[in-house]
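Hi,

Here's the model I said I'd pass along. Have a look first, and my notes follow below.

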Amino acid sequence: MTHFPSDLTHPEKCRGCQASPELDFAFNFAFQPIVDIRTRDVFAHEALVRGPAGEGALSVLDRVNDNNRYRFDQRCRTQAIAEAMQLGMQSFLSINFLPNAVYRPELCIRSTLEAARQHNFPLDKLIFETIESDHLQDSRHLTNILRQYQEFGFKTAIDDFGAGYSGLTLLADFQPDLIKLDMALIRGVDQDRPRQAIVRAIVAMCSDLGIQVIAEGIETPGERDFLADSGIELMQGYLFAKPQFKGLPVITDAAWRAADTAH
């Protein structure tokens with residue numbers, strides 16, 4: 001069940017959002033599935049920012065700065081929900097957020113809730129995803145955001161786990177629902193013994209902590225099958241589907257084929 005602040009109509013608003021100017025650029029989203037290879041279902045779709053004509057993410061992110069990041073973060077959430085509902089999405093929706101653009105979680109979440117209600121998007125189908133990053137100004141601020149989102153009933157996810165500097169310390173302080181293994185750990189893992197040992201250790205640790213592992217960046221059947229043998233059921237990558245601009249990709253039978261023998 002999803003729990004929300006008791007008074008969502010309180011006039012107090014996020015200080016950052018009040019001071020942030022209106023955005024002077026447009027953007028849309030591409031959606032990439034996160035699949036469950038055990039059930040052959042789409043577990044979630046990640047909303048990936050794109051330019052208005054499908055341009056790459058950097059064409060948008062390069063225009064985000066300290067003055068407009070609050071407004072951009074809020075727009076990403078509300079627009080991703082609107083586009084997902086227009087496409088008839090039935091899975092979880094994973095939305096990336098900027099921790100440094102969240103002033104107070106209980107206030108900054110209000111526009112997200114309003115968008116979900118306006119578009120009839122199930123509130124219990126939202127995942128809030130962010131990166132464990134050395135650029136984060138205050139790791140305690142991140143854990144506070146994630147902890148409050150969990151208390152509201154949303155799923156939380158740490159992206160690119162293993163690429164930053166605070167991963168294990170972060171997990172000691174807070175256990176998200178999901179972590180996404182950095183694709184640098186995944187690339188060629190079926191042929192690389194050190195990577196295999198690291199992945200297996202992370203999977204065992206997360207099992208003890210009650211955290212689901214997502215492997216991202218899967219490009220080959222060999223990577224998929226090793227990860228399946230290692231106990232990872234949630235996967236994302238070009239082997240299954242590339243992000244589709246303003247659409248939900250179709251996953252072909254070939255993407256699953258060898259997974260039948262992995263269990």
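This is a predicted model: local features need pLDDT of at least 70, side-chain atom pairs count only at pLDDT 80 or more; totals for chains, interfaces and linings use all residues.

Let's start with a helix: which residues of helix 6 are buried? They are H141, L142, T143, I145, L146, Q148, Y149 and F152, where buried means under 20% relative accessible area, exposed over 50% and partly exposed in between (1.4 Å probe, protein chains only). Helices (H or I, at least four residues) and strands (E, at least two) are DSSP runs, numbered from the N terminus.

Residues are numbered from 1 along each chain as its sequence is written, and side-chain values use heavy atoms, with hydrogens and water left out.

Back to helix 6 (residues 139-152). The expected span is 1.5 Å times one less than the number of residues; for these 14 residues that should be 20 Å, and the end C-alpha atoms are 20 Å apart, which agrees. Its buried residues pack against helix 3, helix 4, strand 4, strand 5 (155-161) and helix 7 (167-173), with contact meaning heavy atoms within 4.5 Å. After the helix comes G153, with a positive phi near 105°.

Over in helix 3 sits Q74, which counts as buried at 10% relative accessibility.

The overall numbers: the chain has 10 helices and 9 strands, and 51% of its 263 residues count as buried. Of the contacts with a separation of 6 or more, 71% are between residues 24 or more positions apart. The accessible surface is about 12600 Å², 48% of it from carbon and sulfur atoms (Shrake-Rupley method, 1.4 Å probe; for residues, only the protein chains shown count as cover).

On to the cores. A nonpolar core is a set of buried Ala, Val, Leu, Ile, Met, Phe, Trp, Tyr and Cys residues joined through side-chain atoms within 4.5 Å. The largest has 64 residues, and L93, I179 and L227 touch the most other members. Leaving out residues up to four places away in sequence, I179 touches I158, F161, L171, I202, C206, I211, Q212, V213 and I214. A second, separate core of 9 residues includes I34, A44, F92 and I127.

Cysteines: C206 is buried at 0% relative accessible area and C76 at 7%. A search of the whole structure finds 0 disulfides (cysteine sulfur atoms within 2.5 Å).

Last, the aromatics. There are 14 aromatic pairs, meaning Phe, Tyr or Trp rings (the six-membered ring for Trp) with centres within 6.5 Å; planes under 30 degrees apart are stacked, over 60 edge-to-face, and the rest tilted. F29 and F31 make a tilted pair, 6.4 Å centre to centre with 40° between the planes. F25, F27, F29, F31 and F72 form one aromatic cluster.

Cheers
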